[in-house]
Amino acid sequence: MFVRNFAALCVAFWCGMAAAQTSHVSTSNNPTADLDTQLSTLLGQEHRSFRAIKSKRLNQLRATRRSAPTPASSAPVPSYTKAWLARQPAGRGGEQWRCLAEAIYFEARGESIKGQFAVAEVIMNRVSSGLYPNSVCGVVHQGTGARYQCQFTYTCDGRAEHIGERAAFARAGKIAQILLDGAPRTLTAGATHYHTTAVSPRWARQFPRTAHIGVHYFYRHPRS
């Protein structure tokens, strides 16, 4: 009888201990649950931090593109005369050079050398501004194909772009090369727009005028 009672007591004692141990385990002491919570918190913090850094970097990049000066280069400082331009080497290059040379030719070949440089400056200023495409061809052909949306008339006037004046195109090619090589752009004070003196577009009332060269008025976008 004593042995059976002792055995029963032992069983009761050990069962009680097991129950007591089980009853003291809580989720707050569960290492897996705690780790999951910490990881979720850290991941959330890292995600917010990454978004903040990305946003700051994008803003810095836009500001840099708007304010960056023309890179130092070995390009000559233009004197804007036919005699000076005649002494410069022939222009040649790839797609970007061709786009700029054609834009100068079709938009301003009847202008003085200074007037042609001024039109070319507008295109290069747009490339640098951050408000327009970041390539010469992108700027020149922005909106081309959409009615009344092109930025440069010759790209959407419905007429074939035929280069019939070889000497004029050679001059335009030299001007394009000089600006692409990094010559200073000082004629138009950062202008991004122009129009002939024969018209008065509505947008010109909102943009500060920066120069009057030949038959063109030049303007700078307020946000550039």
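Reply: The crossing of α5 and α7 is right-handed. The model is predicted, and everything below is computed from it. Two packed helices are described by the angle between their axes and the distance between the axes. Here, α5 (residues 113-129) and α7 pack at about 45 degrees, and their axes lie 10 Å apart. Angles under 35 degrees would count as roughly parallel, and 65 to 115 as roughly perpendicular. α5 and α7 are therefore oblique to each other.

Which residues make the contact between α5 and α7? From α5 come Ile-113, Gln-116, Phe-117, Ala-120, Glu-121 and Met-124. They meet Arg-171, Ala-172, Ile-175, Ile-178, Leu-179 and Leu-180 in α7.

α5 also holds Asn-125. Asn-125 has a relative accessible area of 10%, so this residue is buried. Residues up to four places away in sequence aside, Asn-125 touches Arg-185, Thr-188, Gly-190, Ala-191 and Thr-192. Ala-189 lies in the loop between α7 and β1 (193-196). Ala-189 is not a glycine, yet its phi is positive, at about 55 degrees. Its relative accessibility is 45%, so Ala-189 counts as partly exposed.

Now the other partner of α7. The axes of α4 and α7 come within 8 Å and cross at roughly 125 degrees. That makes α4 oblique to α7. The crossing of α4 and α7 is right-handed. On the α4 side, the contact uses Gln-96, Trp-97, Arg-98, Leu-100, Ala-101, Glu-102, Ile-104 and Tyr-105. On the α7 side are Ala-168, Phe-169, Ala-172, Gly-173, Ile-175, Ala-176, Gln-177 and Leu-180.

Aromatic rings come next. The whole structure has 10 aromatic pairs. One of them is Phe-106 with Tyr-154: the ring centres are 5.0 Å apart and the planes are at 15 degrees, so the pair is stacked. Phe-106 belongs to helix α4 (residues 95-108). Tyr-154 sits in the loop between α6 (136-140) and α7 (166-180). Ring pairs extend the picture into a cluster of Trp-97, Tyr-105, Phe-106, Tyr-154 and Phe-169.

Tyr-154 leads on to α6. Val-140 lies in that helix. With 0% relative accessibility, Val-140 counts as buried. Neighbours within four places in sequence aside, Val-140 is in contact with Cys-99, Ala-103, Ile-123, Phe-152, Tyr-154 and Thr-155. Val-140 and Gln-96 are 9.8 Å apart, C-alpha to C-alpha, and 44 residues apart in sequence.

Trp-203 and Phe-207 have ring centres 5.5 Å apart and planes at 50 degrees, so the pair is tilted. Trp-203 is partly exposed, with a relative accessible area of 27%. Phe-207 counts as buried, at 16% relative accessibility. Two arginines sit over tyrosine rings. The charged end of Arg-126 is over the ring of Tyr-132, 4.4 Å from its centre. Arg-209 lies over the face of Tyr-217, at 3.7 Å from the ring centre.

Tyr-80 is another residue with a positive phi, about 60 degrees, although it is not a glycine. Tyr-80 lies in the loop between α2 (31-67) and α3 (82-86). Tyr-80 is buried, with a relative accessible area of 18%.

Finally, the chain as a whole. The protein chain has seven helices and three strands. Along the sequence they follow the pattern α-α-α-α-α-α-α-β-β-β. Of the 224 residues in the protein chain, 33% are buried. Among contacts between residues at least 6 apart in sequence, 67% join residues at least 24 apart.

Technical notes
Residues numbered from 1 in each chain as written. Predicted model: local features only at pLDDT ≥ 70, side-chain atom pairs only at ≥ 80, totals over all residues. Heavy atoms only, no water. Phe/Tyr/Trp six-rings, centres within 6.5 Å; stacked < 30°, edge-to-face > 60°. Helix = DSSP H or I, 4+ residues; strand = E, 2+ residues; numbered from the N terminus. Buried < 20%, exposed > 50% of the residue type's maximum accessible area, 1.4 Å probe, protein only. Lys NZ or Arg CZ within 6 Å of the ring centre and 35° of its normal. Axes fitted to C-alpha atoms, helices over the stretch in contact; angles between N-to-C directions. Parallel < 35°, antiparallel > 145°, perpendicular 65-115°, else oblique. Left-handed = near helix turned anticlockwise from the far one by under 90°. Contact = heavy atoms within 4.5 Å.
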